[in-house]
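User: I've got a fold on screen and I'd like to know what each label rests on. Can we go through it term by term?

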Amino acid sequence: MIKFLLFIFIIPFTHADQYFYLSKKSENLIEQYLLKDNGDLHLLNQLSISGGPGGLTLSPDGKHLYFSISNESSSELGTALLGDQGKLTFLGKAATASGGSGTISKCGRFYLKYNYKATSVSVLEMKDNLHTGRQFQEITTTKNPHDIGVSNDGALVFVPHNEHNRLYQFSLNPDSSK
């Protein structure tokens, strides 16, 4: 006869903090917030940038944050490392031929950039998670490209435009960068 029955449940519980990063161009800052369970944002850290940070994009492995930097006289692409508890550490930057924001390719070797004012899309070289300063290609498009996306397999690049409500689609060859 069983007098006591004991059940032990081992439930793996992982609470992964969620972080929100905000680019504050006019203040030359990228702010890190903790997203609380109730939806509130709590400011944790600020990363000061020499210039106005623009669009932010996360690396495919989630370990780096890329951002455009614009000054009165130059345009650059910066990289920060996401460390413990999502804290940002500035790694470096390199000049770009023109301003604009973008995204990183799935392979991590290219930064795909659009320029709203210059009506162009560019492919920039990345090495060890930093922009090398080398631009592989620039394609002129119609007016006002305003975003850029990459297909799940990394083979296609999509660039929506405000002018004429167009969506451009490009193939990306990871071997030739074109």
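This is a predicted model: local features need pLDDT of at least 70, side-chain atom pairs count only at pLDDT 80 or more; totals for chains, interfaces and linings use all residues.

User: What makes something a pocket here, and what is the volume of the largest pocket?

Analyst: On a 1 Å grid over the protein atoms alone, a pocket is an open set of points with protein on both sides within 12 Å along at least five of seven lines, whereas a cavity is a set where a 1.4 Å probe fits but cannot get out. Grid points are joined across faces, edges and corners, and the volume is the space filled by probe spheres set on them. The largest pocket comes to about 330 Å³. It has 22 lining residues (those with an atom within 4 Å of a point), and Lys25, Gly99, Gly100, Ser101 and Asn115 are the closest to its centre. Strands E4 (52-58), E5 (64-70), E6 (75-82) and E9 each give two or more residues to that lining, with E9 holding the largest share at 4 residues.

User: What about Gln85 and Thr119, buried or exposed?

Analyst: They land on opposite sides of those cut-offs. Gln85, at 63%, counts as exposed, while Thr119, at 17%, counts as buried. Gln85 sits in the loop between E6 and strand E7 (88-95), and Thr119 in the loop between E9 and E10. Neither is a glycine, yet phi is positive in both: about 55 degrees for Gln85 and near 50 degrees for Thr119.

User: How do you know that E12 and E13 pair, and in which sense?

Analyst: Two strands pair if DSSP finds at least two bridges between them. E12 and E13 (residues 156-161) have 2, in the antiparallel sense, and Gly149 has Phe158 as its bridge partner. E13 also pairs antiparallel with E14, over 6 bridges, where Phe158 is partnered by Gln169. That makes an open, antiparallel sheet of 3 strands in the order E12-E13-E14. E12 (149-150) and E14 (166-171) stand at its edges with a single partner strand each, so one side of each has no neighbour in the sheet.

User: Which turn residues have a positive phi in the hairpins around E13?

Analyst: In the E12-E13 hairpin, with 5 residues between the strands, Gly154 has a positive phi of about 80 degrees. The E13-E14 hairpin has 4 residues between its strands, and His164 takes a positive phi near 60 degrees. There's another hairpin with 2 residues between E10 and E11, where Asp128 takes a positive phi near 50 degrees. E10 and E11 (residues 130-140) run antiparallel and are joined by 7 bridges, with Ser122 standing opposite Glu138.

User: What makes the largest nonpolar core a core, and how many residues are in it?

Analyst: A nonpolar core is a set of buried Ala, Val, Leu, Ile, Met, Phe, Trp, Tyr and Cys residues joined through side-chain atoms within 4.5 Å. The largest set that qualifies has 12 residues, including Phe110, Val121, Phe136, Val159 and Phe170. E9 (110-115), E10 (120-127) and E13 supply at least two each, and E9 gives the most, with 3. On E13, Val157, Val159 and His161 make the covered face, while Leu156, Phe158 and Pro160 make the uncovered one. Val121 is in contact (heavy atoms within 4.5 Å) with Ile148, Val159 and Phe170, among others beyond four places in sequence. A second, separate core has 10 residues, among them Ile30, Ile49, Leu65 and Ile69.

Note on methods:
Residues are numbered from 1 along each chain as its sequence is written. Side-chain values use heavy atoms; hydrogens and water are left out. Buried means under 20% relative accessible area, exposed over 50%, partly exposed in between (1.4 Å probe, protein chains only).
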